[in-house]
Amino acid sequence: MTKAEREALKAEFIAGDYRTIKEFAEKKGIAYTGNFRNDVAKEHWWEDKKAHNKRIQDTIVAKVEAKRVEDALRDATARQNETLKATALVRDKALKLLGAARSAKEVNAIASALYRINEIERGLLNYDKGSGEDAKSRLAEVIDAIKGASKQ
């Protein structure tokens, strides 16, 4: 058997679904003699097959992990968007109630709720990691609304 023939057989063994070199030799009609076994051992057929399988496994694992991360980000974004919609509705309702507040106690309770809404949104949008200018402008809206309600 020439070296080119052995290399072709080695490539077939590595890519194929063979559990042992002996099984491969039997299926290919190759005599499983000492010479063949020595050549196979020198050329590291079994080690190369294990390395090939490891590369395939690593590729599959990386793809699965990437998909899981993508799914998790998509789900987190959807949850974040739903939470932001809910906090916007609550804020609008609270601002309407603030305009109709009759006592300092009511104004204080509504202001507290608005503050909590801002904290929730800051956490969701990671304002604390940046300059926080957007959070400051929202807080200014709340302060202005409280001032307007307390003048009434």
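Helix α4 (residues 45-100) and helix α5 (residues 104-125) have axes that come within 10 Å and cross at roughly 160°. That angle makes α4 roughly antiparallel to α5, since angles over 145 degrees count as roughly antiparallel, under 35 as roughly parallel, 65 to 115 as roughly perpendicular and the rest as oblique. The model is predicted: local features need pLDDT of at least 70, side-chain atom pairs count only at pLDDT 80 or more, and totals for chains, interfaces and linings use all residues. Residues are numbered from 1 along each chain as its sequence is written, and side-chain values use heavy atoms, with hydrogens and water left out.

**Chain overview**

- The chain has 6 helices and 0 strands, where helices (H or I, at least four residues) and strands (E, at least two) are DSSP runs numbered from the N terminus.
- Along the sequence, the pattern reads α-α-α-α-α-α.
- Of the 152 residues in the chain, 22% are buried; buried means under 20% relative accessible area, exposed over 50%, and partly exposed in between (1.4 Å probe, protein chains only).
- The chain exposes about 10900 Å², of which carbon and sulfur atoms supply 55%; accessible areas come from the Shrake-Rupley method with a 1.4 Å probe, and for residues only the protein chains shown count as cover.
- Taking contacts between residues at least 6 apart in sequence, 55% join residues at least 24 apart, with contact meaning heavy atoms within 4.5 Å.

- Two packed helices are described by the angle between their axes and the distance between the axes.
- The axes are lines fitted to C-alpha atoms, for helices over the stretch in contact, and the angles run from 0 to 180 degrees between N-to-C directions.
- α4 passes α5 in a left-handed crossing, a term for a near helix turned anticlockwise from the far one by less than a right angle, with right-handed used if clockwise.
- On the α4 side the contact is made by Q80, T83, L84, T87, A88, V90, R91, A94, L95, L97 and L98, and on the α5 side by V107, I110, L114, I117, N118, I120, E121, L124 and L125.
- The residues of this contact between α4 and α5 divide into 14 nonpolar, 4 polar and 2 charged; Ala, Val, Leu, Ile, Met, Phe, Trp, Tyr, Cys and Pro count as nonpolar, Asp, Glu, Lys and Arg as charged, and the others, Gly among them, as polar.

- I110 is found in helix α5 and is buried, with a relative accessible area of 13%.
- Not counting residues up to four places away in sequence, I110 touches A94, L97, L98 and A101.
- The C-alpha atoms of I110 and K93 are separated by 9.8 Å, and these residues are 17 apart along the chain.
- N81 lies in helix α4 and is partly exposed, with a relative accessible area of 38%.
- N81 and L124 are 43 residues apart along the chain, and their C-alpha atoms are separated by 9.1 Å.

- The axes of helix α1 (residues 3-15) and α4 come within 9 Å and cross at roughly 40°, so α1 and α4 are oblique to each other.
- α1 passes α4 in a right-handed crossing.
- R6, L9, K10, F13, I14 and A15 in α1 meet W45, W46, D48, K49 and H52 in α4.
- The contact of α1 with α4 has 6 nonpolar, 1 polar and 4 charged residues.
- The axes of α1 and helix α2 (residues 21-28) come within 11 Å and cross at roughly 120°, so α1 and α2 are oblique to each other.
- The crossing of α1 and α2 is right-handed, and its contact is made by L9, E12 and F13 of α1 and I21, F24 and K28 of α2.
- The contact of α1 with α2 has 4 nonpolar, no polar and 2 charged residues.

**Residue H44**

- H44 lies in the loop between α3 (34-42) and α4.
- H44 has a positive phi of about 60° although it is not a glycine.
- Most residues other than glycine have a negative phi.
- With 42% relative accessibility, H44 counts as partly exposed.
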